[in-house]
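Thanks for coming. I will talk through one structure today, from single residues up to the whole chain. Please have a look at it before I go on.

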Amino acid sequence: MKCPKCGEEMADDMGICPYCGYVASQTDNIEKETNEMMKKMQVDNSKTSNNVAKFIVRALVICFAFIVLYNYSTICSYEKYFREL
Ligand SMILES: [Zn+2]
């Protein structure tokens, strides 16, 4: 491959131009890999945050349902208590 900085021929597997010291492809690949990793990380983070939000909403709904059921059962028991009187 040709060095994109100075245009001299350089070995593909070297990664560094022997004429100008340009560091080729390997750093590009690392940058691409890190960018892809960051994108994946961001996607995972958004997914996990969505799951956490859903979990919190479900927990709140379950708590609310328990409170309503508990109040309903106590009201029912009060009604029974007063009927027995
Ligand atoms: Zn070069």
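Is Cys63 buried, partly exposed or exposed? Cys63 has a relative accessible area of 45%, so it counts as partly exposed. Exposed would need over 50%, and buried would need under 20%.

The zinc ion has four protein donors, and they are Cys3, Cys6, Cys17 and Cys20, each through its SG atom. These donors lie 2.2 to 2.3 Å from the zinc ion. If you read along the sequence, the spacing of the donor residues is C-x2-C-x10-C-x2-C.

What is the geometry of the site of the zinc ion? The site is tetrahedral, with angles of 104 to 114° among the 4 donor atoms. For reference, the ideal angle for four tetrahedral donors is 109.5 degrees.

Cys3 has 3% relative accessibility, so it counts as buried. Cys6 has 34% relative accessibility and therefore counts as partly exposed.

A disulfide is a covalent bond between the sulfur atoms of two cysteines. How many disulfides does a search of the whole structure find? The search finds 0.

Next, the secondary structure. The chain has 1 helix and 0 strands. Helix H1 covers residues 26-84, and Gln42 lies in it. Gln42 counts as exposed because its relative accessible area is 51%, and the cut-off for exposed is over 50%. From Gln42 to Glu31 is 11 residues in sequence, and 16 Å in space from C-alpha to C-alpha.

Lys39 is also found in helix H1. Its relative accessible area is 57%, so Lys39 is exposed. Lys39 and Lys54 are 15 residues apart in sequence, with 22 Å between their C-alpha atoms.

Last, the chain as a whole. Its C-alpha trace spans about 100 × 15 × 15 Å along the principal axes. What is the radius of gyration of the chain? The value is 33 Å, whereas a compact globule of 85 residues would have one near 12 Å.

Two percentages go with that. Of the 85 residues, 6% count as buried. Among contacts between residues at least 6 apart in sequence, 0% join residues at least 24 apart. The accessible surface of the chain comes to about 7700 Å², and carbon and sulfur atoms account for 63% of that.

To recap, the predicted model has a tetrahedral zinc site and a chain with 1 helix. That is the end of my part.

Note on methods
Residues numbered from 1 in each chain as written. Predicted model: local features only at pLDDT ≥ 70, side-chain atom pairs only at ≥ 80, totals over all residues. Heavy atoms only, no water. Donors = N, O, S within 2.8 Å, 3.2 Å for Na, K, Ca; no water. Tetrahedral: all angles 85-135°; square planar, octahedral: opposite > 155°, others 65-115°. Buried < 20%, exposed > 50% of the residue type's maximum accessible area, 1.4 Å probe, protein only. Disulfide = S-S within 2.5 Å. Helix = DSSP H or I, 4+ residues; strand = E, 2+ residues; numbered from the N terminus. Rg over C-alpha atoms; globule rule 2.2 N^0.38 Å. Contact = heavy atoms within 4.5 Å. Areas by Shrake-Rupley, 256 points an atom, 1.4 Å probe, with all protein chains shown as cover.
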